[in-house]
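Here is a friendly briefing to read alongside the model. Please keep the viewer open as you go through the points.

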Amino acid sequence: MKQIKKRYYVLITLALIVFLVLFFLSTFIKNYINKNSLELTGRKIELGDLHINYFKVAVSASDLMVYETNQVDTFAGFRELSVNFDPTKLFRNTYSFSSILVDSLFVNTIMDENGFNFDDLMPVADSSATETADTIPSSPFRFAIHDIRFIHGHFNFIDKTVDNEIKLVDFSLNLPLIAWDSESSDVGIDFNLGEKGKVFVGARVDQINQKYAIDLKVDKFSLKDISSYAENAINIGGINGYVNTDLRIRGSMENTMEVYVSGYSSLDSVYLWEPDGTDLFRLQHAKVTLDTLDIDDQRYNISEILVKKPVITASLYKDMSNFERVLLPLMATDSLQQDSIAQVDTTAAETPLNYKVTKFKLVDGEVLFADNTLYRPFLYDLKNINIELNDIANDHEHIPVSFSINLNDQGRLAGQSFINMVNPLIFSLDANFEKMQLLSFSPYSEYHIARPVTQGDLNYHLNIDMQPTQMVNTNNIVINELEIGEKTQNEAKVKAPVKLGLYLMKDPKDVIKIDMPVEGNPSDPNFSVSKLIWKALSNLLVKAAASPFNALGNLVGTRPEELEYIPMPYAQDSIALEQKKTLDKIAHILEKKPQLVFKFAQRTDPDTEKDVMAVAIAKKQMLTESMPMNSEQQIERYRERLSAMEDKDPDFIAYLRSKVPGSEGMSVTAASRKLIGEDQLDDAFTKLLINRNENISYYLTQEKGVDSTSIEVRTADLRNLPEQLKSCNYKVEVSIK
């Protein structure tokens, strides 16, 4: 009887020991990890809590923290990990997990010139170790994992080699089932990328048919996150903008090249700048809509390529252009790789590339061009660039291209072309330059013939019909009222009697006409259409010269010179009596000659005009602050005081000294400009130019009854205005409707 009781005592004791071991096992493991992690893994690890549920066969851990080798910075960790095992499936020889949840997993990855911050955790390969082949066939490993979920994950990648950081925030993954015998698997991944970016990846794998399908969506991925890599590859200051993508990828796991892609990708608000902060490229929106990309057969069908408001800032210098300077690192790399590329074996048969673009459309583009190779910079803006191509394909021989361009707000280029993708030497072009103002090209004329172009407009009809061995080119050029100014102090690159040439070329109507056909063989390496055309235009500029204004003074009994210019004082914002007399004579001429068109080009010296405006505005500001204007008498006294006040008025100078700190050594003009501020002054100057144009137009059309189609009032290209024309006046030109 005592032996039986002892047996019970032993069993109870063993059961109690097993219970205590199981009860304290999680605490023991947690403490063991916390105390010995550095010795076991080389990293300090802290585990907040570990819990084992023996009845549910589940394990949960919380607040795991893995530190860097310095034992201070964190490398990885999670807030919670729970694993639920399904022991009932063991009876069918299957290891099954009913759920795996990882909450708030984070990983901080750092790369520098020495490698990654996790390299020490990777086992070193043993080169002397040999692997013995297992000749005994084994049964397949049976497993099933249900409901795998990662939520609120955070991944941070710091690349110190280029000083760049990429963040994946709020990462989540849903995988309903992965099993050794599953016929299909589904997975969903989404996370925030950078400041505004969002990424979603949905995938489905068909194990039976060996097919897969992937849906990839990217919303507002910022190019700023990869700007450091772009700066390392090319010579730029940075890049910004957003990428959006919605792609559907279908493929085969047996044939990896069998991939089909459809959907779209787009760019928004792209900005690229040079290292000194100068604009290089801007883009409002670009979108590529993919019909089908068949990677295996190399068939690429694109529904539409749309580019909205691209702005290119192109600058030419004596050594190179700004784009060549930006691409210098790539050019150096390419030159080093030329020899190795040349040695690649290209004898293997390749599948021909087949592509089709249903529509290409560029809308409202701009090219801001600056030529700094001349005596002074040439600035010219190509605006409202619109280009459209339809039905582009590798085997199409007649692809229409239509285009239109605003030429510096002072002319227009439009036309159409046909290109041949099979043979590029088959080509046609029909284009028209309309009313292109030649004054803008004065920096070129000053450089080549040491004389500025002071007026004139060009109309040019260009037609090219090119075949592989023959090209016929017609050039019909009409230049109206071209005038060349006085010789500059610079040395002319071309020596020629310009004035005599102009006299011989102009007809009685002050028009130069050129019909210049060009023929040749495009296959000749020395043949160049552009060089021939440019040579003809250069000859034209050489022969062009100044001529008197085609006066109409006899019609109204006045001297011709009085009609050619309408001078006015700086800062004048209304039409004075003498100016109205000139406009009255022009209106009288238009009564007799209704087919004439008078063009008024406003010219001024912006710096001088702003100086005068600043003083005038400062005087008004002083009087407004000091004189009441509550009655007609007070307003009249204000006007009289303003009219009589001189720039050296003691009260005015005292006012400037009190309002502008440190102005004791400044001139009245400088102090006034500082008081008003350059931004306000620029705004007032722009409004003044517009107001003058409106006053001229209103007086002639509304008060004098002139047909609006008989006048054209505009502001000259002040940025490229020659120094000798920088005075405040309207240059009057006459043409025929």
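Let's begin with a charged pair: Lys 599 and Asp 457 join their side chains in a salt bridge, at 3.5 Å from N to O (a salt bridge is a side-chain nitrogen of Lys or Arg within 4 Å of a carboxyl oxygen of Asp or Glu). Lys 599 belongs to strand E25 (residues 596-603) and Asp 457 to strand E21 (residues 453-466), so the pair ties together parts that are 142 residues apart in sequence. This is a predicted model, in which local features need pLDDT of at least 70 and side-chain atom pairs count only at pLDDT 80 or more, while totals for chains, interfaces and linings use all residues. Residues are numbered from 1 along each chain as its sequence is written, and side-chain values use heavy atoms, with hydrogens and water left out.

**The protein as a whole**

- The protein has 15 helices and 27 strands; these are DSSP runs numbered from the N terminus, with helices (H or I) of at least four residues and strands (E) of at least two.
- Of the 737 residues in the protein, 38% are buried (buried means under 20% relative accessible area, exposed over 50%, and partly exposed in between, with a 1.4 Å probe and protein chains only).
- Take the contacts between residues at least 6 apart in sequence: 59% of them join residues at least 24 apart, where contact means heavy atoms within 4.5 Å.

**Salt bridges**

- Side chains of opposite charge can pair when their charged atoms come close.
- The structure holds 27 salt bridges.
- Both partners of the opening pair are buried: Lys 599 has a relative accessible area of 10%, and Asp 457 has a relative accessibility of 3%.
- Another salt bridge joins the side chains of Asp 584 and Lys 704, again at 3.5 Å from N to O. Asp 584 sits in helix H10 and Lys 704 in the loop between H15 and strand E26 (711-715), so this pair ties together parts that are 120 residues apart in sequence.
- Asp 584 is partly exposed at 28% relative accessibility, and Lys 704 is partly exposed with a relative accessible area of 35%.
- Asp 649 pairs with Arg 641 in a salt bridge whose closest N and O atoms are 3.4 Å apart. Here Asp 649 is buried at 14% relative accessibility, whereas Arg 641 is partly exposed at 26%.
- Asp 611, Arg 673 and Glu 678 are linked in a network of salt bridges.

**Helix packing**

- Two packed helices are described by the angle between their axes and the distance between the axes.
- Helix H11 (residues 606-626) packs with helix H15 (residues 678-703) at an angle of about 105°, and their axes are 10 Å apart. That makes H11 roughly perpendicular to H15.
- For reference, axes are lines fitted to C-alpha atoms, for helices over the stretch in contact, and angles run from 0 to 180 degrees between N-to-C directions. Angles of 65 to 115 degrees count as roughly perpendicular, under 35 as roughly parallel, over 145 as roughly antiparallel and the rest as oblique.
- On the H11 side, the residues that meet H15 include Met 613, Ala 614 and Ile 617. Their counterparts in H15 include Phe 685, Leu 688 and Arg 692.

**Individual residues and their contacts**

- Which residues does Pro 569 touch, not counting residues up to four places away in sequence? They are Gln 579, Arg 692 and Cys 728.
- Pro 569 is placed in the loop between strand E24 (565-567) and helix H10 (577-592). Its C-alpha atom is separated by 9.2 Å from that of Ser 727, 158 residues apart along the chain.
- Phe 106 is found in strand E5 (residues 106-112).
- Leaving aside neighbours within four places in sequence, the contacts of Phe 106 include Met 65, Phe 75, Phe 78 and His 154.
- Ser 227 lies in helix H2 (residues 227-233) and is buried, with a relative accessible area of 6%.
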